[in-house]
Each structure stands twice: as C-alpha cells, then as structure tokens.
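Q: Hi! I have a new model open and would like to walk through the fold with you. Could you help me get my bearings?

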Amino acid sequence: MKIQAIDDYIAKQAGWQQAILKSLRTAIHKGDPEIEEKVKWGAPSFEHAGQVAWMFCAREWVHLSFRQGALLEVPKATWVELDDTPSKAKRTMKFEKGAIVPKDLVAELVRQHVANNLAGKKVDFNIPKAGTRQFDLPAEYETWL
C-alpha cells in the first residue's frame, strides 16, 4: 500500500530524482504488491516479513539499498559495493541523472528478497568475508574481556 509520506518525500526532490524515485517505487510494488511502505530515518522504506529495501536522494544520485542484498542472485556489477565493502549484507544501486531504472531487475530483486525474508534467510555475520584474516585470541587476553 502506498502512503502519503512517501509521496511527500518524492515531491521535495529535484525533477530528475522524482522520476527515478517513482520508477523505483513502481518496480518495488510490481515485485511485491503486498509490500508495506514506511518512512525510516527520513527516507522511504519497504517491508515484507522484515525490511526489504530503502531509497533516498543524495545531491548527484538516487540510492536504492537492499537490506540482505548479498543473498540476492544478481551479477556483481549491479551493486556499488566492491568485494572489500564493510557491509556483509547490504547492497546498493545508484542512479544518476538520466539513468534508466531497470524495473524488471528491481522487481525481481524485491521478489527474491521477500522470498528470503519469508524463509528466514539472513547473512551469517559469523562467517568472515573473503580476504579477511582471522586469528584466535590468546587465552590470557580472554580474561580481560
């Protein structure tokens, strides 16, 4: 269901950003007609069995992030994050002025994310990211914790 607060957020943005935000919103609802709209942290957020995505405007782009985007099946080039991203879970798409929103891709990502939410899938934060080093804490240091 669409809410007025998101209409208001969109109306405050630059014309080119409004067009992108409207396209993203339409694609998100196409991906899941039952998705709930909310405003979190002052920006549009979309939820179904947990948060799915949120979007906001920066000066030079429109930002769309998926909360558990690392679990989505999509080419790496779709995301802004590189392999060294500090986030193990979130994945982001950025759209600059003149960009065309890949509505079918966004809808598919929403479908996947909702299915993952309903299945209880989440990124395991206990698994180290590729390329990171792990070490065992010496026993004498454990007493200090």
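Q: Starting with the whole chain, what percentage of its residues count as buried?
A: In this predicted model, 41% of the 145 residues of the protein chain count as buried.

Q: Nice. How many helices and strands are there in the protein chain?
A: The protein chain has four helices and five strands. Along the sequence they follow the pattern α-α-β-β-β-β-β-α-α.

Q: OK, the sheet then. What order do the strands take?
A: The order is β1-β2-β3-β4-β5, in an open sheet with antiparallel pairing. β1 (36-40) and β5 (91-96) stand at the edges with a single partner strand each, so one side of each has no neighbour in the sheet. From one strand to the next, the twist averages 20°.

Q: Remind me, what do strands of a sheet pair through?
A: Backbone hydrogen bonds, and the pairing is either parallel or antiparallel.

Q: Let's go pair by pair. How many bridges are there between β2 and β3?
A: Three bridges, with strand β2 (residues 43-47) and β3 in the antiparallel sense. Glutamate 47 has glutamine 51 in β3 as its bridge partner. The hairpin of these two strands has three residues between them, and alanine 49 there takes a positive phi near 60°.

Q: What about β3 and strand β4, how many bridges there?
A: Five bridges join β3 to β4 (residues 61-66), and the two run antiparallel. They also form a hairpin, with three residues between them.

Q: Are β3 residues mostly covered or mostly open?
A: Mostly covered: in strand β3 (residues 51-57), six of the seven residues are buried. β4 is mostly covered too, with five of its six residues buried.

Q: Switching to helices. Which strands does α3 lie across?
A: α3 lies across β3, β4 and β5, and runs at about 140° to β3.

Q: Which helix does α3 cross at roughly 45°?
A: That is helix α2 (residues 15-31); its axis and the axis of helix α3 (residues 103-119) come within 7 Å and cross at roughly 45°. That angle makes α2 oblique to α3. The crossing of α2 past α3 is right-handed.

Q: Which residues make that contact?
A: On α2 they are Ser23, Leu24, Ala27, Ile28, Lys30 and Gly31, and on α3 they are Lys103, Asp104, Val106, Ala107, Val110 and Arg111. By class, that contact of α2 with α3 has six nonpolar, two polar and four charged residues.

Q: And α1 against α2, at what angle do they pack?
A: They pack at an angle of about 150°, with the axes 9 Å apart. That makes α1 roughly antiparallel to α2. Ile6, Asp7, Tyr9, Ile10 and Ala11 of α1 meet Gln18, Leu21, Lys22 and Arg25 of α2. By class, the contact of α1 with α2 has five nonpolar, one polar and three charged residues.

Q: Is valine 101 buried or exposed?
A: Buried, with a relative accessible area of 10%. Leaving aside residues up to four places away in sequence, valine 101 touches Ile20, Ser23, Leu24, Phe95 and Val106.

Q: How far is valine 101 from alanine 27, in sequence and in space?
A: They are 74 residues apart in sequence and 8.7 Å apart in space, C-alpha to C-alpha. Alanine 27 also belongs to the α2 side of the contact with α3, and so do Ser23 and Leu24, which valine 101 touches.

Terms used:
Residues numbered from 1 in each chain as written. Predicted model: local features only at pLDDT ≥ 70, side-chain atom pairs only at ≥ 80, totals over all residues. Heavy atoms only, no water. Axes fitted to C-alpha atoms, helices over the stretch in contact; angles between N-to-C directions. Parallel < 35°, antiparallel > 145°, perpendicular 65-115°, else oblique. Left-handed = near helix turned anticlockwise from the far one by under 90°. Contact = heavy atoms within 4.5 Å. Nonpolar A, V, L, I, M, F, W, Y, C, P; charged D, E, K, R; others polar. Buried < 20%, exposed > 50% of the residue type's maximum accessible area, 1.4 Å probe, protein only. Pairing = 2+ DSSP bridges.
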